[in-house]
Amino acid sequence: MTGAIDRVKALKPKRFNWIADNNNTLVDGFLAHEAAEIVPEAVTGEKDAMRDGEIDPQGIDQSKLIPVLTAALQEAITKIEVLESKVAALEAS
């Protein structure tokens with residue numbers, strides 16, 4: 001997998017509360033329709049879908065974000081290691 005850092009940078013984490021939560025408890029997460037643009041396999045349902053006159057909400061399987069997050073971390077670690085090598089070479093000269 002390549003380009004994971006760019007995909008992670010495109011994700012838009014949000015702080016929100018669920019409409020049905022009367023306590024207005026803030027949670028951290030993603031809006032499904034936004035995440036679907038980046039990791040479509042993680043999202044079920046259609047944006048603004050209705051069923052029997054009721055909202056048919058989208059869902060996110062957040063576990064399907066893990067491979068993208070892991071790949072981005074691996075890319076970042078590789079970049080850090082290259083930079084550390086360059087700094088060490090500069091300090092040694």
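Visitor: Which residues of helix 3 are buried?
Guide: V68, A71 and A72 are buried in helix 3. Please keep in mind that this is a predicted model.

Visitor: What do the buried residues of helix 3 pack against?
Guide: Their packing partner is helix 1.

Visitor: How does the span of helix 3 agree with its 27 residues?
Guide: Helix 3 covers residues 66–92, and at 1.5 Å a residue it should span 39 Å. The C-alpha atoms at its ends are 38 Å apart, which agrees with that expectation.

Visitor: Back to V68. How far is D6 from V68 in sequence and in space?
Guide: D6 and V68 are separated by 62 residues in sequence, while their C-alpha atoms are 9.9 Å apart in space. D6 belongs to helix 1, which runs over residues 4–10.

Visitor: And is D6 buried or exposed?
Guide: D6 counts as exposed, because its relative accessibility is 54% and the threshold for that class is over 50%.

Visitor: Which residues make up the largest nonpolar core?
Guide: The largest nonpolar core has ten residues. They are L11, F30, A32, A35, I38, V39, A42, V43, L65 and V68.

Visitor: What does V39 touch, not counting residues up to four places away in sequence?
Guide: V39 touches R7, K64, L65 and V68 on that basis.

Visitor: Changing topic to charges. How many salt bridges does the structure hold?
Guide: There are four salt bridges in the structure. One of them joins the side chains of K14 and E34, with an N to O distance of 3.5 Å.

Visitor: Where in the chain do K14 and E34 sit?
Guide: K14 is in strand 1, residues 14–16, and E34 is in helix 2, residues 32–35. The two are 20 residues apart, and the pair links distant parts of the chain.

Visitor: Why does E34 count as buried?
Guide: E34 has a relative accessibility of 19%, and buried means under 20%, so E34 falls in that class. K14 counts as partly exposed, at 30%.

Visitor: Leaving aside neighbours within four places in sequence, which residues are in contact with E34?
Guide: E34 is in contact with K12 and K14.

Visitor: Which residue forms a salt bridge with D48?
Guide: D48 forms a salt bridge with K47, and their closest N and O atoms are 2.9 Å apart. D48 is exposed, with a relative accessible area of 64%, whereas K47 counts as partly exposed at 43%.

Visitor: Where is D48 found, and what is its phi?
Guide: D48 is found in the loop between strand 3 (43–44) and strand 4 (50–51). Its phi is positive, about 60°, although D48 is not a glycine.

Visitor: And N24, what is phi there?
Guide: Phi of N24 is near 55°, again a positive value in a residue other than glycine. N24 is placed in the loop between strand 1 and strand 2.

Visitor: Last topic, aromatics. How many aromatic pairs does a search of the whole structure find?
Guide: The search finds one aromatic pair. F16 and W18 form it in an edge-to-face arrangement, 5.1 Å centre to centre and with 90° between the planes.

Visitor: Why is that called edge-to-face?
Guide: The planes of F16 and W18 are 90° apart, and an angle over 60 degrees counts as edge-to-face, so the pair takes that label.

Notes: Residues numbered from 1 in each chain as written. Predicted model: local features only at pLDDT ≥ 70, side-chain atom pairs only at ≥ 80, totals over all residues. Heavy atoms only, no water. Helix = DSSP H or I, 4+ residues; strand = E, 2+ residues; numbered from the N terminus. Buried < 20%, exposed > 50% of the residue type's maximum accessible area, 1.4 Å probe, protein only. Core = buried A, V, L, I, M, F, W, Y, C linked by side-chain atoms within 4.5 Å. Contact = heavy atoms within 4.5 Å. Expected span 1.5 Å × (residues − 1). Phe/Tyr/Trp six-rings, centres within 6.5 Å; stacked < 30°, edge-to-face > 60°.
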